[in-house]
Amino acid sequence: MNIHQLLQQKFKAALIAIGAPEDAPTPVSRSTRVEFGEYQFNGAMALAKVLRQKPREIAENIVAAIELDDVVEKLEIAGPGFINIHLKNQWLATALDTVAQSARLGIEPESAQTVVVDYSSPNLAKEMHVGHLRTTIIGDVVVNTLEFLGHKVIRQNHMGDWGTQFGMLLAHLSDKLKASEVAATALSDLEDFYREAKVRFDNEQGFADRAREYVVKLQGGDTHCLELWQLFIDVSINHSEEVYKKLKVNLQRSDIHGESAYNDDLANVLRELQAKHIAVESQGAQVVFIDELADKEGNPAVYIVQKSGGGYLYSTTDLAAIRYRSTVLKADRTLIFTDARQALHFKQTEIVARKAGFIQADESYQHCPFGMMLGKDGKPFKTRTGGTVKLADLLDEAIERAALLIAQRDADLTVQEREEIAAKIGIGAVKYADLSRNRTTDYMFDWDTMLSFEGNTAPYLQYAYTRVQSIFRKAGLDATNFNAPISIEAPQEKALAVKLLQYVDALNQVSVEATPHVLCNYIYELASLFMSFYEACPILKDGVAEQTKLSRLMLAAITARTLKSGLELLGIETMEKMG
RNA sequence: GCGCCCAUAGCUCAAUUGGAUAGAGCAACGCCCUUCUAAGGCGUAGGUUCCAGGUUCGAGCCCUGGUGGGCGUACCA
């Protein structure tokens with residue numbers, strides 16, 4: 001049941017009935033204040049000119065024409081011509097009942113698209129650092145949501161597994177192996193390894209030349225080099241997978257389609273661009289002049305696809321990727337999650353790709369940028385010594401801090417339970433702090449706010465869930481299988497019921513705009529309304545009528561299912577108890 | 001120089017895409033645990049939405065011009 005859609009359809013029909021143009025918008029929105037009902041229709045004012053009538057008259061006509069008798073308690077005209085919609089409690093109860101009977105919480109699958117989602121994409125030369133957190137978890141939530149809505153999602157982990165830096169790394173690795181070290185040991189800390197290699201590259205006689213030699217050999221397909229490379233990549237991927245596991249992110253090895261996967265296609269891409277006279281020679285390089293992005297003097301933007309030395313760049317790789325996703329993966333839509341600094345690059349890539357026919361006209365290509373992670377001082381987030389913060393370290397610290405907090409409470413938990421809960425709370429807090437912000441702006445990372453565990457944080461949501469579980473434990477019932485007739489009376493019950501029915505709106509918005517914070521807001525509001533309901537509407541206490549008790553248990557049960565579903569999509573784990 | 005993004009309560013952030021009196025959390029100040037988990041609830045206070053114009057029934061949101069900040073801009077990704 002989608003209230004918003006239903007109301008829109010009914011208002012659309014009413015508008016046509018009163019003689020409004022067929023394409024007249026039907027702006028139905030949630031009301032901002034309780035006295036304005038649950039929804040409002042704001043379209044009467046805009047029609048005043050077209051229909052040459054007063055807005056309030058139009059509103060009256062709409063109210064007279066609309067067929068909503070079984071849905072609304074009353075329709076009120078207010079202000080310049082707003083129509084306030086008060087939904088019927090009985091209708092809400094019936095709608096919720098439908099939701100409760102459905103394994104998918106009443107959400108019907110959309111007409112399925114094939115959506116390619118490019119996210120995480122760490123550089124394998126180094127370990128994952130905080131800069132990879134946002135792309136990884138934001139992408140993951142969007143993927144989860146799209147799949148839940150019935151789309152075919154193809155994850156593409158476009159890992160940075162190729163490039164000149166690997167020459168230096170492989171030369172260093174080769175030496176280590178000759179000194180009979182095991183690869184996994186030598187590469188146990190990729191940051192250290194990278195630093196060592198860099199030092200040798202800068203200082204050691206002859207090492208830089210060997211590094212360059214390795215690059216040439218690697219690109220030439222030399223077997224020994226490729227074996228070394230594979231060794232390095234495997235170890236590095238293992239590092240990433242450990243982080244994914246800790247983060248509860250659904251990325252598998254089969255989702256990896258790194259830069260190296262496009263090596264053999266780069267020359268083809270260039271040839272095709274040249275054949276279509278899109279790429280031309282300039283200053284020894286092969287470039288595309290983009291007139292669409294010219295400056296005021298008419299100088300086109302320059303997009304290099306091959307360096308003067310013959311090497312390819314990320315532009316070439318991204319063009320190959322775009323073509324692969326269109327022709328082989330049959331993408332209807334592609335989403336790419338990278339930081340905002342690459343916005344121009346992807347804009348250019350799309351223009352060139354469309355010109356070259358690498359992408360279908362009706363295919364959508366959406367770069368989803370996000371801001372940087374800043375420290376409390378407003379500068380890029382670094383360690384105390386100014387170094388890059390490893391993602392694995394960050395997550396460990398979150399778990400430690402959560403464990404410390406749990407230890408301070410007098411909780412009735414076993415050691416094992418404490419550990420599990422600390423991991424779920426710590427990781428959840430880090431993820432939620434990030435996901436709950438609009439992705440496009442920079443965001444401030446602050447341990448204190450994040451792990452204070454009060455207010456709008458992951459633990460609050462997890463706590464709301466455990467409260468429901470606690471009630472059902474006490475009642476000796478199972479929330480997942482509970483079923484009872486709902487009757488809505490208290491205002492807190494109504495507010496909760498309406499919010500529960502709006503889950504689908506939040507998911508749709510996340511799907512269209514790729515903005516997980518919308519889902520976070522929804523879940524937080526749902527949890528808040530449940531907390532108010534919990535305080536105001538006793539369930540198992542003495543003196544509560546049996547029917548009321550069952551109805552409230554049912555509301556609690558649907559809340560728990562919705563919270564769990566939403567948190568699952570957010571990649572945040574729930575638990576039965578927290579203390 | 002040019003381009004993109006941003007500016008909302010003391011702080012961190014929302015605002016259903018142009019709707020009514022701009023909402024939350026933290027911090028501050030009051031209440032509420034012998035009563036389903038107080039990691040909670042109820043309440044008070046806090047705003048010239050950076051500035052100046054414009055568009056219209058209506059602007060935090062759209063347009064123009066500023067101010068301040070971030071990022072990008074021919075061979076890194």
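I began with helix α20 (residues 517–536), which has 20 residues and spans 28 Å from its first C-alpha to its last, close to the 28 Å expected at 1.5 Å a residue. The expected span is 1.5 Å times one less than the number of residues. Helices are DSSP runs of H or I with at least four residues, numbered from the N terminus.

I noted that this is a predicted model, in which local features need pLDDT of at least 70 and side-chain atom pairs pLDDT 80 or more, while totals for chains, interfaces and linings use all residues. Residues are numbered from 1 along each chain as its sequence is written, and chains are lettered from A and ligands numbered from 1 in the order in which they are written.

I then looked up burial in α20; among its buried residues are H517, C520, Y524 and F533 (buried: 20 or more other C-beta atoms within 10 Å of the residue's own, C-beta atoms being placed from the backbone). The buried residues of α20 pack against α5 (133–148), α15 (415–435), α17, α18, α19 (503–513) and α21.

Next I examined α18 (residues 491–501) and α21 (residues 546–569), whose axes come within 11 Å and cross at roughly 35 degrees. I recorded E493, L496, A497 and L500 of α18 and L555, I558, T559 and T562 of α21 as the residues making this contact (C-beta atoms within 7 Å).

Note on methods
Axes fitted to C-alpha atoms, helices over the stretch in contact; angles between N-to-C directions. Helix = DSSP H or I, 4+ residues; strand = E, 2+ residues; numbered from the N terminus. Contact = placed C-beta atoms within 7 Å. Buried ≥ 20, exposed ≤ 12 C-beta atoms within 10 Å, placed from the backbone.
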